[in-house]
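Please find below a short note on the contacts in this model. The points are numbered for reference.

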Protein chains: 2
Amino acid sequence: MALRHAVLAALLDAELSGYQLAKSFGMGVANFWHALPQQLYAELARLEKDGLVAGREVVQDSRPNKRLFTVTGAGLAELERFTAETAKPSFMRDDLVVKVHSADHVDTAPLIAQLTERAGFARAKAELFTRLLEAMRGSRTEEEFLRRGERVGPYLTCLAGLAYEQVNQQWCERTAAVLRERQAARADR
Amino acid sequence: MALRHAVLAALLDAELSGYQLAKSFGMGVANFWHALPQQLYAELARLEKDGLVAGREVVQDSRPNKRLFTVTGAGLAELERFTAETAKPSFMRDDLVVKVHSADHVDTAPLIAQLTERAGFARAKAELFTRLLEAMRGSRTEEEFLRRGERVGPYLTCLAGLAYEQVNQQWCERTAAVLRERQAARADR
DNA sequence: GGCTTCATGTAAGTGGTTACATGATTGG
DNA sequence: CCAATCATGTAACCACTTACATGAAGCC
């Protein structure tokens, strides 16, 4: 039950619809959790039923109507409770890493391609995060913003996303380079 | 269906029992995937039924008997197929990051404690990985080993684990420091 | 006239976690 | 003598993914 809290945390900064949440969580700004639209609609329904969020219908013309959600008092209390609870360790689970583990026993050409592609995605995400951070801190320096800004939570999670994507990119590039070099050396013999 | 391939990849280097696999995957050397013992026993049964691994009974006295597993030809072919298949993106999903996102709205004391604890674990894991890498490359330099070593897959995945734990540690420490400082500043007013 | 965006879901399936069960041996 | 290690599982539950469904408006 962690998606619940991710949704609550996302709704702290803005009143959003399921569709808008889906965009953040699906990719793009999803710097702290990932989820598909179906999951979000289902979770919002459950949260509303439990009184942790409140939805209000917004009528639009030339667009389908939508429901915007806000965190209730009970919702904030639930987040508070969750945050205090001891965190379970998080684990790395990545197909690509499994593939690299068996690199010496299989054809490396498609692996190199996947590593290169992944490096590109990571780089794009890192750039996006860099811009988001700039937007959040405005004219202030990072130090200054983190000391006196009113809302640093999203900034700190964005820093986590940035660091994560940067090492991801570096590792993918280096691994691809190593495998390429070994492939070339094999071809020589 | 990714645990399958993680198990196959782990069995490339050694003939292991479910129990031994469980130790690697549960923590410690689990530098490339995480799984609980129950999952592994179930997965090994499925893999054997499908002919991707072969088990042999080893009778022991003064210890319960065990079954050691090896990858079959079909298993290797399956790994080959899996490695060539285009990889899906991997996503960050971490309770602690969700908690930090809502840091401005909740009591930060327990959060700081969790971040500090997590930093400690990350540091311990990073040190373990450093030692594993040294053991794998022996007297060679990293450059040299990656160029001419016979088995670099596990080395590369261990490098991924090391980088991951290092940024994890740094982020946790910095985030804890930021939250501590803000807590102190609030107490002053 | 067809593709993307807005907007919201249902249903079936797979994969992972939590809880529980058993039993012998070694080490402090 | 009590805890940890070796060794293997079953059962129930929860979370996430894949596939499918619907419909109007705007954009090239």
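The points cover conventions, the protein interface and the DNA surface.

1. This is a predicted model, in which local features need pLDDT of at least 70 and side-chain atom pairs count only at pLDDT 80 or more, while totals for chains, interfaces and linings use all residues. Residues are numbered from 1 along each chain as its sequence is written, chains are lettered from A and ligands numbered from 1 in the order in which they are written, and side-chain values use heavy atoms, without hydrogens and water.

2. In chain B, 69 residues are in contact with 69 residues of chain A (heavy atoms within 4.5 Å). About 6600 Å² is buried between the two chains, 61% of it from carbon and sulfur atoms; buried area is the accessible area (1.4 Å probe) that two parts lose on being put together, summed over both. T83(B), M92(B) and H101(B) lose the most area on the chain B side, together 11% of what that side buries.

3. Six salt bridges link chain B and chain A (a side-chain nitrogen of Lys or Arg within 4 Å of a carboxyl oxygen of Asp or Glu). One of them joins R147(A) and E181(B) at 3.0 Å, N to O.

4. DNA strand D is surrounded by 21 residues, the closest being M1(A), Y19(B), Q38(B), Q60(B) and R67(B).

5. A side-chain N or O atom of Q39(A) lies 3.2 Å from a phosphate oxygen of DNA strand D.

Conventions:
A residue is near a molecule or strand if one of its heavy atoms lies within 4 Å of it. A polar contact is a pair of N or O atoms within 3.5 Å; within protein, one must be able to donate a hydrogen and the other to accept it, and residues adjacent in sequence count only if both atoms are side-chain atoms.
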